[in-house]
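Dear colleague,

Please find the structure below, handed over for your records. My notes on its packing come after it.

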Amino acid sequence: MSFLNAESPSVCDLVTDFGIDLIWHPSLGMELGDQAKALFRACASGEKPLDIFVFEGSVIQAPNKTGRFDVFADRPMQDWVRELAAQAGIVVAIGDCAAWGGIPATPPNPSDSTGLVYGRGKGPGGFLGSEFRSKSGLPVINIPGCPAHPDWVTQILVAVASGR
């Protein structure tokens, strides 16, 4: 959520100056309910192109690797993450939780939380696995911090969107 406090460039700059189409954000998305689910399904199936998938928070796999402790849009969040990451040109993990699991992944970790490519203090692995590559051939881009500095987020989004 620190993303909304970015100044250099701001979230508005991303859209107006850099031409980034922000498909959906929990605080900015216009789609709700069934409209939002339809949008997520279109991106997850590849029907709607997904240039950059940005994820914040740890991936919660409990109980028993089902992900049912973290349900979003009527499905375990881990299922959305797996499908959206597979369709994305670039995947960005924002914050310590998305990068390596953060505080939720510390022992005893009853939620079985992990980061996208680093997990539970055990090095590479995480939810997507250390071999994961986005459609562009890049590994997950990790932006550390708790929270991640908002300008780091927008600057990295501009860099990857412009091919740098």
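The following paragraphs cover the conventions, the sheet and then the helices.

This is a predicted model, in which local features need pLDDT of at least 70 and side-chain atom pairs count only at pLDDT 80 or more, while totals for chains, interfaces and linings use all residues. Residues are numbered from 1 along each chain as its sequence is written, and side-chain values use heavy atoms, with hydrogens and water left out.

Helices (H or I, at least four residues) and strands (E, at least two) are DSSP runs numbered from the N terminus. An open sheet of three strands has the order β1-β5-β7, with parallel pairing (pairing requires at least two DSSP bridges between two strands). β1 and β7 (141–143) stand at the edges with a single partner strand each, so one side of each lacks a neighbour in the sheet.

β1 (residues 52–56) pairs with β5 (residues 90–94) over five bridges, and Ile-52 stands opposite Ile-90. β5 and β7 pair over three bridges, with Val-92 opposite Ile-141.

The axes of α2 (residues 33–45) and α3 (residues 77–87) come within 7 Å and cross at roughly 50 degrees (axes are lines fitted to C-alpha atoms over the stretch in contact, with angles from 0 to 180 degrees between N-to-C directions). The contact (heavy atoms within 4.5 Å) includes Phe-40 of α2 and Trp-80 of α3.

Kind regards
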